[in-house]
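Here is a walk through a fold, one stop at a time. Keep the viewer open and follow along.

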Amino acid sequence: MIKLFIPESRVIRKTDYVLESLRTAILLGDIQPGTRITEKQIRDLLNVSSSPVREALNQLEAEGLLTKSPHVGTKVAEIVVEDAKELYSIQALLQSSAVQICAKKIPEADIREAEKLNGQIRDVIESGKLDLASIKISNYRFHLIVCGMSVYPWLTRLISALWIRLPSKTVWTRPAEARAAIQYHERILDAIKKRDEIRAAGLMRKHLQRSQRVLYG
């Protein structure tokens with residue numbers, strides 16, 4: 001089942017509606033790598049016309065999230081461990097750079113939203129009832145916000161496209177690493193509040209490098 005997470009305040013085009021729906025479904029593992037996707041299936045599920053579905057599928061193919069072949073059709077791209085290591089390295093580079101150039105420009109409202117998201121992650125972890133879907137969405141949104149989603153949207157679109165390609169393996173199932181990730185988020189936000197872009201960038205890089213080591217050695 002395709003799940004959709006879009007902030008209520010956003011008014012978006014139908015193509016973006018389809019894009020966000022598919023990205024969220026891939027992020028949460030509702031659509032697994034290798035799964036075949038048809039235009040009709042998406043059109044029926046989201047109750048939209050063919051045009052936005054076609055545009056969205058073309059966009060996701062261009063981003064590398066989907067692959068298309070004459071005999072198989074369109075399916076979610078598969079990824080191997082070696083690719084995951086490379087993607088984490090790229091994410092560490094991209095996100096630390098994004099934080100550095102955006103730290104002094106991120107609006108206070110965005111900072112408060114990022115704090116709220118990190119608090120939601122902490123509450124789920126401390127509850128002992130692991131809701132991975134909730135955590136993954138909150139974590140994804142947190143990172144896009146602190147990377148300057150409202151400041152440099154094209155940069156965060158690139159980060160998003162690569163993020164969604166990461167395998168479902170996650171640090172959030174490991175309590176000690178989950179707590180460490182939450183603490184990194186807090187320290188990154190503290191640096192952004194102080195508009196200390198160098199410290200914020202360094203913390204983001206260390207945060208993602210730690211996740212890479214824990215998951216892939």
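You'll find Asn47 in the loop between helix H2 (39-46) and helix H3 (50-62); helices here are DSSP runs of H or I with at least four residues, strands are runs of E with at least two, and both are numbered from the N terminus. Phi of Asn47 is near 55°, a positive value in a residue other than glycine. Most residues other than glycine have a negative phi.

A word on the ground rules. This is a predicted model, in which local features need pLDDT of at least 70 and side-chain atom pairs count only at pLDDT 80 or more, while totals for chains, interfaces and linings use all residues. Residues are numbered from 1 along each chain as its sequence is written, and side-chain values use heavy atoms, with hydrogens and water left out.

Arg195 has a positive phi too, near 55°, and is likewise a residue other than glycine. Look for Arg195 in the loop between H8 and helix H9 (197-216). With a relative accessible area of 22%, Arg195 is partly exposed.

Back in helix H2 sits Ile42. Its relative accessible area is 1%, so Ile42 is buried. Ile42 and Leu22 are 20 residues apart along the chain, and their C-alpha atoms are separated by 8.7 Å.

Next, a strand residue: Thr74 lies in strand S3 (residues 73-76). Thr74 counts as buried because its relative accessibility is 12%. Leaving out residues up to four places away in sequence, Thr74 touches Thr35, Arg36, Ile37, Leu66, Thr67 and Lys68, where contact means heavy atoms within 4.5 Å.

Now for the helix packing. Two packed helices are described by the angle between their axes and the distance between the axes. Axes are lines fitted to C-alpha atoms, for helices over the stretch in contact, and angles run from 0 to 180 degrees between N-to-C directions.

Take H5 (residues 108-127) and H8 (residues 175-193): they pack at an angle of about 165°, with axes 10 Å apart. H5 and H8 are therefore roughly antiparallel to each other (angles over 145 degrees count as roughly antiparallel, under 35 as roughly parallel, 65 to 115 as roughly perpendicular and the rest as oblique). On the H5 side the contact is made by Ile111, Ala114, Glu115, Asn118, Ile121, Arg122 and Ile125, and on the H8 side by Ala178, Ile182, His185, Glu186, Leu189, Ile192 and Lys193. By class, that contact of H5 with H8 has 8 nonpolar, 2 polar and 4 charged residues; Ala, Val, Leu, Ile, Met, Phe, Trp, Tyr, Cys and Pro count as nonpolar, Asp, Glu, Lys and Arg as charged, and the others, Gly among them, as polar.

H5 also packs on helix H6 (residues 132-146): their axes come within 9 Å and cross at roughly 155°. H5 and H6 are therefore roughly antiparallel to each other. Residues making the contact include Leu117, Ile121 and Val124 of H5 and Ile135, Phe142 and Ile145 of H6. The contact of H5 with H6 divides into 9 nonpolar, 5 polar and 3 charged residues.

H8 has another partner in H9, at an angle of about 165° and with axes 8 Å apart. H8 and H9 are therefore roughly antiparallel to each other. Among the residues in contact are Ala181, Tyr184 and Ile188 of H8 and Leu203, Met204 and His207 of H9. That contact of H8 with H9 has 10 nonpolar, 2 polar and 6 charged residues.

Which residues have the most contacts inside the largest nonpolar core? They are Val18, Trp172 and Ile192, and the core has 62 residues; such a core is a set of buried Ala, Val, Leu, Ile, Met, Phe, Trp, Tyr and Cys residues joined through side-chain atoms within 4.5 Å.

Zoom in on Trp172, in the loop between helix H7 (153-163) and H8. At 6% relative accessibility, Trp172 counts as buried. Not counting residues up to four places away in sequence, Trp172 touches Ile121, Ile125, Leu130, Leu132, Ile135, Asn139, Ala178, Ala181, Ile182 and His185. Of these, Leu132 is 40 residues from Trp172 in sequence and 7.4 Å from it in space, C-alpha to C-alpha.

Methods. Buried means under 20% relative accessible area, exposed over 50%, partly exposed in between (1.4 Å probe, protein chains only).
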